[in-house]
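Work through the exercises below with the sequence and the model side by side, and try each task before reading its solution.

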Amino acid sequence: MQRMVGATVLIAVAGGVMAQAPAGHTIQQDFEAATALDAGTDSAQALAAWEALGRRVKPGSRNAAIVRVRTGDALFRLGRNEEAAVALREGLAGLPESDASLRSDRARAYLLVGTLAHNTLDYAGAAKAFAEVEALDDRPTGKLRAQLAQAQVMTFTDPAGAAAALDRADALIAGGVKVDRAALSLIAQRRAELAMNRGDFAAAKTFALAAIRGQGGMTERTTTDDVPVRADAALALILAGKPDDAREYMAMTGAGRLPRGDFAPAAVMISPDCGGEANLKPEDVAVVQFSIADNGSPIAVEPVYAAGGGRVALEFADAVRGWSWPEKDVAAIPPFFRRNVRVEMRCSTAFSRPSIYSGLYKSLGEWVSGRGITIRSDDSMEPAAEVAGLRAKLASAGNNPVAQMVAAWALSRNETVSREEAAALNARALQIARQEKAPPLARLPLELAARTGEQVDISKLGAFDAIAKALLADPDYAGDPQARAAILLMQSDYVRGRDKDRRVLTLLRAIADDTRLAKDDPLRVGALVRIASAEQRLGNLAGARAAFQATGMSGDQCAVLDTVPQMKSSVGSDAFPREAMQWGFEGWTQVQFDVQPNGRTARVRTLLGYPAFVFSKATNGLVEGARFESTFRPDGAPGCGGLTRRVIFRMPG
């Protein structure tokens with residue numbers, strides 16, 4: 001902003017002059033006062049100053065945009081993230097890109113936008129924002145920070161882009177930029193994680209050990225900065241088939257080695273169902289890192305590794321965001337041990353979910369094929385490497401509106417496209433679909449994508465309800481049984497808060513009881529599967545069994561049996577891993593398995609494990625050696641499938 005001469009201040013703007021401020025209390029003085037508050041520790045006072053100034057500047061002006069960005073910064077510092085994201089984006093939209101004096105404001109705003117996107121697992125959006133920071137920040141250290149941030153998120157959306165970002169970081173240092181050992185260690189750590197997710201475990205080990213050396217080596221003293229680096233080395237060695245070599249690095253993270261108290265499993269700790277929109281498979285496995293806040297909720301949740309791809313990694317990380325620990329249990333855990341917790345995760349086969357979107361995409365594909373255009377008709381994401389070709393298709397779509405719609409839709413589903421850009425692309429595609437009179441079921445995926453893409457965090461309490469209610473108020477969607485079912489099904493998946501299962505059942509029964517849907521309609525089957533799961537959690541096993549049997553799927557799930565076979569014998573304390581005992585590890589797992597009619601177990605899988613990969617093998621061995629009561633099934637099916645148990649590993653004494 002520019003100071004003018006005289007008793008009052010007029011703030012110059014492009015194309016004219018703003019309104020005059022009251023004498024003796026200028027806008028410029030208010031701006032300087034708010035800026036001074038920004039440098040202090042009272043962010044609430046700074047926010048109040050920026051909000052007051054925002055009411056005085058001309059709406060839509062350059063100065064209003066500056067104030068809006070600063071308001072977003074204060075909101076971010078106060079943890080009001082959704083409001084911060086809105087303010088920052090509104091401010092950025094009004095900051096002239098040609099104004100060099102605003103480069104630092106734009107860089108700071110994009111850094112915060114990227115951080116917020118990272119925190120909500122919008123890794124494509126984070127990558128885009130961090131790329132803007134790299135371009136705008138004229139400080140070499142600022143560019144380096146942006147490059148490393150890009151590498152972290154692009155590991156799961158665009159591995160080639162992540163490698164390129166790290167190459168630029170190396171080039172910056174080779175060009176003479178002075179960095180400390182911590183920065184070099186972080187570069188090596190990012191390369192280790194990228195190599196792990198590319199399946200190059202030997203390279204991952206090399207980079208992880210280099211990161212440790214950059215932090216001073218394997219000293220007896222462990223800081224919170226040391227933990228993820230040493231954990232990466234342990235994970236790389238485990239994945240490379242050298243668990244014995246990994247134990248020392250794992251031990252020096254503090255994982256599973258509390259000096260007092262217990263690190264118990266979460267009270268609410270659900271592994272995602274196999275199937276669904278991410279098409280999770282039983283063989284997929286991920287490692288997710290998070291910290292636990294004082295109120296027992298996970299924070300700073302992020303994937304570290306996934307066998308199955310970036311979409312799998314982000315799906316598992318999103319599941320962890322819904323976990324919770326009792327506050328009294330958290331209070332007993334020293335803060336150091338609540339930071340950078342890592343768990344291994346696999347999906348549950350107990351209630352594998354059909355994808356809501358698969359039928360919608362098929363309907364969309366059939367409609368556009370009737371217009372002479374081919375579209376990907378499944379629910380898989382477009383590969384990151386195809387983004388340039390997709391942008392070229394959109395640019396060359398010409399005057400064919402359906403071709404434009406298909407190109408915009410395909411680009412919106414590319415792994416490197418941010419939520420914000422995807423929302424704009426989907427809005428464009430939806431507008432064309434409406435103009436071209438697409439049938440409701442074919443139009444619905446575009447409608448859902450456009451509306452949900454506008455949300456900062458769709459998983460928040462009640463965030464999807466308003467969208468669902470608006471769609472169901474549209475006669476086109478309400479009158480189409482499959483479109484209505486899809487909306488209700490999504491609405492049930494986003495229910496949060498108290499009495500969740502009972503509210504979910506109301507939505508799901510509206511689908512299951514709709515006589516316009518065929519008995520084997522995938523949406524009706526999806527509703528019945530969810531009903532069975534909800535009824536089982538509420539203790540209504542008869543209702544769970546009836547719902548699951550109505551799906552026509554195999555009825556051997558434990559959740560639909562009146563009684564679960566009782567365990568007759570187990571391996572006992574001999575199952576405690578010798579290596580874990582030697583290093584003093586404790587921990588827990590959640591395991592899933594079937595019980596055959598003769599009481600023996602089958603298909604044993606560790607779903608969740610802490611510390612990651614320390615107790616999985618022992619857990620599987622313990623359950624494989626257990627014996628349950630015999631059960632009779634005339635069709636020879638397992639007596640009980642998808643049974644889940646938690647196993648706690650405590651040191652003797």
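**Exercise 1. Determine whether Cys 274 and Cys 347 are buried or exposed, and describe the link between them.**

Solution. Begin with accessibility: Cys 274 is buried, and Cys 347 is buried as well, where buried means under 20% relative accessible area, exposed over 50%, and partly exposed in between, with a 1.4 Å probe and protein chains only. This is a predicted model, in which local features need pLDDT of at least 70 and side-chain atom pairs count only at pLDDT 80 or more, whereas totals for chains, interfaces and linings use all residues. Residues are numbered from 1 along each chain as its sequence is written, and side-chain values use heavy atoms, with hydrogens and water left out.

Next, consider the sulfur atoms: Cys 274 and Cys 347 are joined by a disulfide with an S to S distance of 2.1 Å, the criterion being a pair of cysteine sulfur atoms within 2.5 Å. The structure holds one disulfide. The link of Cys 274 and Cys 347 is right-handed, with 85° about the S-S bond. Helices (H or I, at least four residues) and strands (E, at least two) are DSSP runs, numbered from the N terminus.

**Exercise 2. Identify which residues of helix H17 are buried, and explain why they line one face.**

Solution. First list the buried residues of helix H17 (residues 387-395), which are Val 387, Leu 390 and Leu 394. Viewed down the axis of H17, these buried residues fall within an arc of 60°, so they line one face of the helix; the arc is that of the directions from the helix axis to the C-beta atoms. Then turn to the other side of H17, where Ala 388, Lys 393 and Ala 395 are exposed.

**Exercise 3. Describe the lining of the largest cavity.**

Solution. Grid points are joined across faces, edges and corners, and a volume is the space filled by probe spheres set on the points. By this rule there are five cavities of 30 Å³ or more, and the largest cavity holds about 200 Å³ of space.

Its lining comprises 17 residues, among which Val 227, Thr 253, Ala 255, Asn 340 and Arg 342 lie nearest the centre of the cavity. Helix H11 (226-239), helix H15 (335-338) and S6 each supply at least two residues of this lining, and H11 gives the most, with three.

**Exercise 4. State how Leu 148 is placed and which residues it touches.**

Solution. Leu 148 belongs to helix H7 (residues 140-154), and it counts as buried because its relative accessibility is 6%. Leaving aside residues up to four places away in sequence, Leu 148 touches Leu 166, Leu 186, Ile 187 and Arg 190.

Note on methods. On a 1 Å grid over the protein atoms alone, a cavity is a set of points where a 1.4 Å probe fits but cannot get out, and a pocket is an open set with protein on both sides within 12 Å along at least five of seven lines; lining residues have an atom within 4 Å of a point. Contact means heavy atoms within 4.5 Å.
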